[in-house]
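Please read each point alongside the sequence and the model.

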Amino acid sequence: MTTDIQNYLNDFDQLQTNDWFAKNRQSALNLFKETGFPNTRQENWKYTDVRPIARKSFSNINDQKTTVSPDNVNAIRFTDLDCIELVFINGIYSVEHSRINELPMNVVVENLADALATDNKLLEKHLSQYADNKISPFTALNTAFIQHGTYINVPDNVVIERPINLLFLSKENPSPFATHPRNLIIMGNHAQTTIIESYIGLDEANYFTNAVTEISLSENAILKHYKIQQESQRAYHIGNLNVMQNKDSKLESHSIALGGSLVRNDIHGQLADEGAEIIMNGLYMTNDKQHVDNHTRVDHLKPHTFSTENYRGVLNGNSRAVFNGKVVVHPQAQKIEAHQNNANLLLSDDAEIDTKPELEIYADDVKCSHGATVGQLDQDMLFYLRSRAIDEETARSLLTYAFADEVISKITLPEIKQRLEYLVVGQLPDAALIREFTNE
Amino acid sequence: MLKIENLHTKVDNKTILKGLNLSVEAGEVHAIMGPNGSGKSTLANVLAGRDGYEVSKGSVTYQDQDLLELAPEERAWAGVFLAFQYPVEIPGVNNVYLLKAAVNAVRKFRGEPELDAVEFLSLVKEKMKLVKMKEDLLNRSVNEGFSGGEKKRNEIFQMAVLEPKLAILDETDSGLDIDALKIVAEGVNSLRNKDRAIVLVTHYQRLLDYIKPDHVHVLSDGKIIKSGGPELALELEEKGYDWVKEAAA
């Protein structure tokens with residue numbers, strides 16, 4: 001495996017950062033050097049072979065300034081959503097396209113690279129504390145290359161009404177490139193906000209996104225987090241979301257995976273004090289030869305903590321998806337509730353899903369449930385629609401849309417919901433036929 | 001309008017209909033009665049085109065075309081409507097959007113212009129009164145969270161909006177309390193006219209107190225064994241099915 005990582009080691013040597021984080025970068029790189037890329041003999045990577053990523057030689061240093069026209073960015077933005085927006089192009093923060101304005105008092109939203117360049121005790125306290133370099137070699141790799149990304153600090157009692165959109169655009173480069181976006185979100189007591197991470201490939205660009213997001217929620221903090229992944233059909237995407245939740249805090253995570261050729265998303269939630277709640281909604285829609293793997297893990301560390309997970313997949317073509325939802329209920333964590341569901345719709349004979357719910361329970365007074373289903377479109381529903389004059393193709397698209405919409409309909413922000421409904425319809429074989437059904 | 005001749009069908013390799021003959025003209029209301037397992041629902045499903053029913057012998061002609069050749073949606077375009085015994089819930093598919101798509105699919109087939117939103121809504125409002133549909137049900141997902149009675153009413157409501165030429169009501173009366181039954185019956189009665197044929201498939205005579213059929217048929221073991229006027233239904237209610245079976249044997 002060592003030849004696969006040589007390229008990363010060389011690029012690391014060229015980085016020459018000497019901020020306070022340099023030591024951490026070095027130790028993360030050392031860790032990555034030891035482990036190399038994961039392989040399918042490891043349980044956590046059993047169904048996802050990352051050799052296509054490992055074999056490619058990506059450039060990790062993007063010093064060429066790739067530009068995107070404002071029109072191009074506008075086409076991707078939530079035009080009707082009044083938001084704070086940070087735009088990254090091929091991993092590099094773009095001052096030109098970003099709109100950080102009208103922030104409430106004492107709120108910090110900035111490029112992580114800028115935050116690293118100054119003394120920042122809070123950043124030192126939190127950065128790289130929740131994403132464990134030892135758990136995933138990709139996280140270690142990301143930590144080694146930490147530079148651009150987002151640093152958000154919402155102090156106690158501050159509610160940011162406008163959502164914060166983090167737009168990671170990737171555009172074809174002469175040579176394939178890797179980006180390692182790193183986001184750190186610190187929310188104080190009773191702080192509230194909405195954050196969207198959008199990963200978008202602008203053309204059939206060939207690249208590798210290796211993103212890590214760390215979130216710390218203090219008492220009673222509420223975060224709504226959206227991840228919308230529309231990487232290019234040739235792109236690789238590895239994403240890690242790690243959250244540490246304090247007393248009575250709440251994270252609502254919506255993860256929508258539409259693009260990419262090889263995709264892996266990990267979410268790790270730690271419910272570290274009573275009353276903490278995590279809600280995880282997910283939708284993956286795959287086609288052709290796409291491979292999309294979603295792994296989630298929730299640790300119920302204290303009593304009276306709550307987790308709810310609902311992931312759905314729509315698989316077409318020769319695509320393959322993996323779902324693994326793990327819930328660990330630690331010994332002292334009595335009176336917790338954990339519910340999990342994964343439902344899959346297979347639209348073709350060649351699509352494949354591997355789904356595995358995992359419950360590890362070390363407490364005895366808990367309420368847990370889990371379920372996984374894999375199936376085709378419901379024949380009774382199909383017949384009902386056809387008997388009501390809806391032709392078969394439309395009926396199939398409509399039912400597929402309805403299946404996916406179970407996830408989208410849980411999204412409370414109308415602008416995002418509408419955008420996603422539009423995107424979901426666009427993924428269906430007969431998008432044009434059912435557009436009017438979704439114009440509610 | 002509808003002519004069924006010597007119809008034999010199999011479900012899961014079991015023969016259910018064994019030589020059924022039935023002729024229905026425009027303007028007529030036919031009641032098909034029979035005990036459980038006699039093939040009533042099979043007949044309704046075969047006419048609407050559900051998968052899994054194999055026609056091994058016989059023919060069904062609807063307005064001079066071979067009905068069995070048509071896909072379920074083609075039958076609907078041609079004016080066939082099935083009110084389901086157990087209407088399915090379809091989460092995520094909006095009731096009113098389904099209805100609009102259905103109406104416009106039929107209109108398109110007939111070469112009529114599609115209804116715009118305003119025209120469609122006024123049509124819907126008018127038909128809702130027929131079955132006393134609550135307006136909030138309209139904007140829900142199809143049948144989702146509807147009570148049994150609401151589901152049946154929704155079927156009749158859809159029928160009223162789609163204005164079929166041939167309506168087949170599969171045990172629409174089962175599971176209804178008397179008030180709901182009256183509402184459903186009134187809805188059906190209001191749709192009776194000289195161009196429309198209605199086939200009521202039912203286990204009970206009760207529905208026929210409110211919808212007076214022109215013809216009553218007794219279906220038993222896959223065949224129609226006796227036909228008559230409305231008085232036959234009363235006789236069945238009184239004496240049960242056995243005497244007809246014995247007389248036919």
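How many aromatic pairs does the count come to over all chains? The count comes to 18 aromatic pairs over all chains, where rings of Phe, Tyr and Trp (its six-membered ring) pair if their centres lie within 6.5 Å.

This is a predicted model, in which local features need pLDDT of at least 70 and side-chain atom pairs count only at pLDDT 80 or more, while totals for chains, interfaces and linings use all residues. Residues are numbered from 1 along each chain as its sequence is written, chains are lettered from A and ligands numbered from 1 in the order in which they are written, and side-chain values use heavy atoms, with hydrogens and water left out.

1. Aromatic pairs of chain A. Phe32(A) and Phe37(A) form an edge-to-face pair, with 5.3 Å centre to centre and 90° between the planes; planes under 30 degrees apart count as stacked, over 60 as edge-to-face and the rest as tilted. Phe32(A) counts as buried because its relative accessibility is 0%, and Phe37(A) is buried at 2%. Here buried means under 20% relative accessible area, exposed over 50%, and partly exposed in between (1.4 Å probe, protein chains only). A stacked pair is formed by Phe88(A) and Phe168(A), at 4.6 Å centre to centre and 15° between the planes. This pair links distant parts of the chain, since Phe88(A) belongs to strand E1 (residues 84-89) of chain A and Phe168(A) to strand E5 (residues 164-170) of chain A, 80 residues apart. Both Phe88(A) and Phe168(A) are buried. Strands (E, at least two residues) and helices (H or I, at least four) are DSSP runs, numbered from the N terminus.

2. Aromatic cluster and charges over rings. One aromatic cluster is formed by Tyr8(A), Phe32(A), Phe37(A), Trp45(A), Phe58(A), Phe138(A), Phe208(A) and Tyr236(A). Over the face of Trp45(A) lies Arg264(A), 3.8 Å from the ring centre. Arg419(A) lies over the face of Phe78(A), at 4.5 Å from the ring centre. A charge sits over a ring if NZ of Lys or CZ of Arg is within 6 Å of the ring centre and within 35 degrees of the ring normal.

3. His237(A). This residue lies in strand E11 (residues 236-245) of chain A. His237(A) counts as buried because its relative accessibility is 0%. The side chains of His237(A) and Lys227(A) are joined by a polar contact of 2.9 Å; such a contact is a pair of N or O atoms within 3.5 Å, and within protein one must be able to donate a hydrogen and the other to accept it, with residues adjacent in sequence counting only if both atoms are side-chain atoms. Not counting residues up to four places away in sequence, His237(A) touches several residues, among them Tyr199(A), Lys227(A), Glu231(A) and Arg264(A). Contact means heavy atoms within 4.5 Å.

4. Helix H3 of chain B. The 15 residues of helix H3 (residues 95-109) of chain B should span 21 Å at 1.5 Å a residue, and the end C-alpha atoms are 21 Å apart, which agrees. The expected span is 1.5 Å times one less than the number of residues. Of the 15 residues of H3(B), 11 are buried, so this helix is largely enclosed by the rest of the structure. Asn94(B) caps the N-terminal end of H3(B), with a side-chain oxygen 2.9 Å from the backbone nitrogen of Val96(B). H3(B) is followed by Gly111(B), whose phi is positive, near 75°.

5. Leu162(B). Helix H6 (residues 148-162) of chain B contains Leu162(B). Leu162(B) is buried, with a relative accessible area of 10%. Leaving aside neighbours within four places in sequence, Leu162(B) is in contact with Arg388(A), Phe81(B), Ala102(B), Val103(B), Val106(B) and Arg110(B).

6. Cysteines. The count comes to 0 disulfides over all chains, a disulfide being a pair of cysteine sulfur atoms within 2.5 Å. Cys83(A) is buried, with a relative accessible area of 3%, whereas Cys368(A) counts as partly exposed at 27% relative accessibility.

7. Positive phi values. Most residues other than glycine have a negative phi. His190(A), although not a glycine, has a positive phi of about 60°, and is located in the loop between strand E7 (182-187) and strand E8 (192-201) of chain A. Lys335(A) also has a positive phi, near 60°.
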